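Have a look at it first, then come back for the notes.

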Amino acid sequence: MGIAMVGTDLLSEKAAIMRESLQKSQTITDNVVTILGSFDHRLSTLEAAMRPTQIRTHSIRQAHENIDKTLKAAEIILSHFDQYRQAENKILKGPHEDLENYLEAIAKLRSNIQFFGTKNSFRNSDGVVSHASSLLTKAISKLQDEFNQLLSSYSKPVEPERLFDCLPNSMRPSSGSPGHEGEHNGKSNHHADSHNNNADAVVYTPPVLIPPRILPLLHDLAQQMIEAGHRSQLLKIYREARSNVLEESLQKLGVEKLNKDDVQKLQWEILEAKIGNWIHFMRIAVKLLFAGERKVCDQIFEGFDSLAEQCFAEVTTNSVSMLLSFGDAIAKSKRSPEKLFVLLDMYEIMQELHSEIDTLFKGKACSEIRDAATALTKRLAQTAQETFGDFEEAVEKDATKTAVTDGTVHPLTSYVINYVKFLFDYRSTLKQLFQEFEGGNDSSQLATVTMRIMQALQINLDGKSKQYKDPALTHLFLMNNIHYIVRSVRRSEAKDLLGDDWVQRHRRIVQQHANQYKRNAWAKILQCMSIQGLASSGGGSNTAGGDGGTGGSSGASRALVKDRFKTFNIMFEELHQKQSQWTVPDSELRESLRLAVAEVLLPAYRSFVKRFGPLVESGKTPQKYIKYTAEDLDRMLGEFFEGKNMSETKR
């Protein structure tokens with residue numbers, strides 16, 4: 001009980017102490033609030049007193065900042081004036097000593113002009129901008145002179161030997177002379193070259209026209225002139241420097257500018273050589289010279305494609321015209337069969353170079369050059385197609401008076417066959433022509449044309465065969481010529497095109513003419529060996545039979561038998577003399593024909609001699625009538641168709 005009372009008293013005492021403390025805290029708080037209110041009033045008064053001083057301090061600070069900005073602007077202006085003076089000094093010295101620093105000075109000068117041009121206070125005062133612009137004009141003028149001098153000094157014609165070294169090995173002439181290129185002329189040489197070069201077609205290496213170390217300098221100079229607005233001057237300088245050099249390179253190579261009249265005056269052999277050269281000149285010009293020129297142009301005008309294309313077009317226009325004019329003159333000249341193959345060669349080279357021409361002469365500026373090349377290609381194709389058509393007609397109507405007295409193969413036949421053989425070397429080219437002008441399958445078209453040519457040739461040969469008075473020689477002539485045609489076809493690609501039926505049909509025609517020859521040449525002499533007409537109406541010593549003659553000759557008149565032997569001898573000697581001058585050029589056919597004659601003649605002669613020889617031998621001078629043995633005749637037949645002259649055949 002006592003402990004509880006003590007605890008309550010302690011709690012009451014502590015509560016009284018806490019109330020006293022709270023009352024003191026409230027008193028202190030009230031005093032602090034009063035003090036702070038008084039302090040705030042004093043601060044407001046102080047701030048009002050300090051405001052004028054703060055305003056003056058801010059103005060001073062702003063003034064200092066403006067002074068700093070002005071000083072900095074002045075420093076920039078002074079630095080530009082300094083750069084201007086430095087640029088002026090370098091520009092006045094010229095670009096020869098240090099082109100790189102000279103170009104740097106121009107760049108700084110341009111920067112200064114731009115800087116002062118934006119400052120109103122400097123636009124008119126002291127002529128700063130005007131003077132700087134004038135100096136820049138002089139600088140660009142010196143650059144222009146430097147570009148002209150540098151480009152001209154390194155622009156030299158390319159010697160033919162350098163160009164030949166850039167060609168694939170198979171196309172290089174054995175000597176360095178441009179004229180030696182003439183060895184490549186003609187249909188067979190060029191056409192073989194064009195196929196042989198497929199393997200090493202990638203070996204074309206355009207010559208270095210301007211040293212690589214000079215090209216970046218020319219590029220920098222050109223860029224400055226372009227930025228200064230001197231495009232037209234730049235184009236003129238570049239055209240005059242490079243165009244003349246390119247033309248000189250072609251002239252040194254041997255390129256001539258010939259028109260239609262010039263071409264018409266040339267003999268065919270000379271013209272053919274020039275065409276062969278032109279084909280190689282075109283390849284050299286496009287793959288080497290024009291390709292090298294394009295590379296130079298692109299590097300100098302890098303970043304300015306339209307200007308590069310325009311410069312390239314103007315530089316090459318005259319050279320391209322010089323080359324194409326010759327091709328155009330050939331395409332427009334009078335057509336003749338011998339021109340077909342050179343026309344095809346020319347067409348082939350234009351087709352071969354087509355994609356490269358389109359690549360090199362790209363863009364609008366070169367469109368006329370591309371169009372001119374395309375027009376020439378089409379014109380050559382058209383002329384070749386027309387010439388091809390003319391040939392068929394010319395074969396059928398050929399009226400040459402070339403005398404083939406011995407019945408051998410006519411020059412027209414060998415000419416036409418060789419012509420057809422060459423056609424097969426141009427199958428891919430003819431395919432393009434047929435597709436362009438006639439349409440259809442190339443093989444069927446070529447087969448049809450070849451058959452028409454063969455038919456035209458046979459029609460002409462039939463006409464020529466009628467010139468012979470001897471029917472036997474007529475058939476020998478046709479046999480020789482058609483056999484030559486068949487043999488040539490069988491040994492060429494024409495066999496697959498014309499077919500076995502055509503070959504077999506014409507082999508039968510050869511045999512028919514051989515049979516007609518035998519019938520016309522030997523019918524009469526074989527008639528001498530016939531027993532018809534030998535029977536005698538009388539008897540006695542002039543007839544065979546009762547005096548021990550062979551029974552086979554019973555009733556035959558000795559006089560008639562002698563006459564038969566005499567006639568045979570005369571006729572055979574005439575045939576020998578005449579037909580030894582005739583010619584069967586094919587050895588196999590010649591032996592076959594001799595054998596065919598011998599198989600008919602010798603058995604008949606042996607039989608006649610065996611049957612009627614005793615009748616003659618019993619009389620006087622039998623050798624006068626039986627002059628030859630069968631072996632003699634066989635030996636003499638071996639001399640037939642050898643084409644011997646008159647003195648050789650006299651016995």
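What follows covers aromatic pairs, charges over rings and salt bridges.

This is a predicted model, where local features need pLDDT of at least 70, side-chain atom pairs count only at pLDDT 80 or more, and totals for chains, interfaces and linings use all residues. Residues are numbered from 1 along each chain as its sequence is written, and side-chain values use heavy atoms, with hydrogens and water left out.

**Aromatic pairs**

- Searching the whole structure turns up 22 aromatic pairs (rings of Phe, Tyr and Trp, the last by its six-membered ring, with centres within 6.5 Å; planes under 30 degrees apart are stacked, over 60 edge-to-face, the rest tilted).
- One of them is phenylalanine 290 with phenylalanine 361, edge-to-face at 5.7 Å centre to centre and 80° between the planes.
- That pair links distant parts of the chain, with phenylalanine 290 in helix α10 (residues 268-300) and phenylalanine 361 in the loop between α12 (339-360) and α13 (367-397), 71 residues apart; helices here are DSSP runs of H or I, at least four residues, numbered from the N terminus.
- Phenylalanine 290 and phenylalanine 361 are both buried (under 20% relative accessible area; exposed is over 50%, partly exposed in between, using a 1.4 Å probe and protein chains only).
- Phenylalanine 565 and phenylalanine 608 also pair edge-to-face, at 5.1 Å centre to centre and 65° between the planes.
- Phenylalanine 565 sits in helix α20 (residues 558-579) and phenylalanine 608 in helix α21 (residues 587-617), so this pair ties together parts 43 residues apart in sequence.
- Ring pairs also build a cluster whose members include Tyr517, Trp522, Phe568 and Trp582.

**Charges over rings**

- Lysine 287 lies over the face of tyrosine 204, 4.7 Å from the ring centre (the cut-off is NZ of Lys or CZ of Arg within 6 Å of the ring centre and within 35 degrees of the ring normal).
- Arginine 294 does likewise with phenylalanine 312, at 4.8 Å from the ring centre.

**Salt bridges**

- The whole structure has 22 salt bridges (a side-chain nitrogen of Lys or Arg within 4 Å of a carboxyl oxygen of Asp or Glu).
- Glutamate 293 and arginine 242 meet at 2.8 Å, N to O, linking helix α10 with helix α8 (residues 231-253) across 51 residues.
- Glutamate 293 and arginine 242 are both buried.
- Glutamate 393 bridges to lysine 397 at 3.1 Å between the closest N and O atoms; glutamate 393 is partly exposed at 43% relative accessibility, while lysine 397 is exposed at 59%.
- Arg590, Glu591, Arg594 and Glu642 join up in a salt-bridge network.

Technical notes
Helix = DSSP H or I, 4+ residues; strand = E, 2+ residues; numbered from the N terminus.
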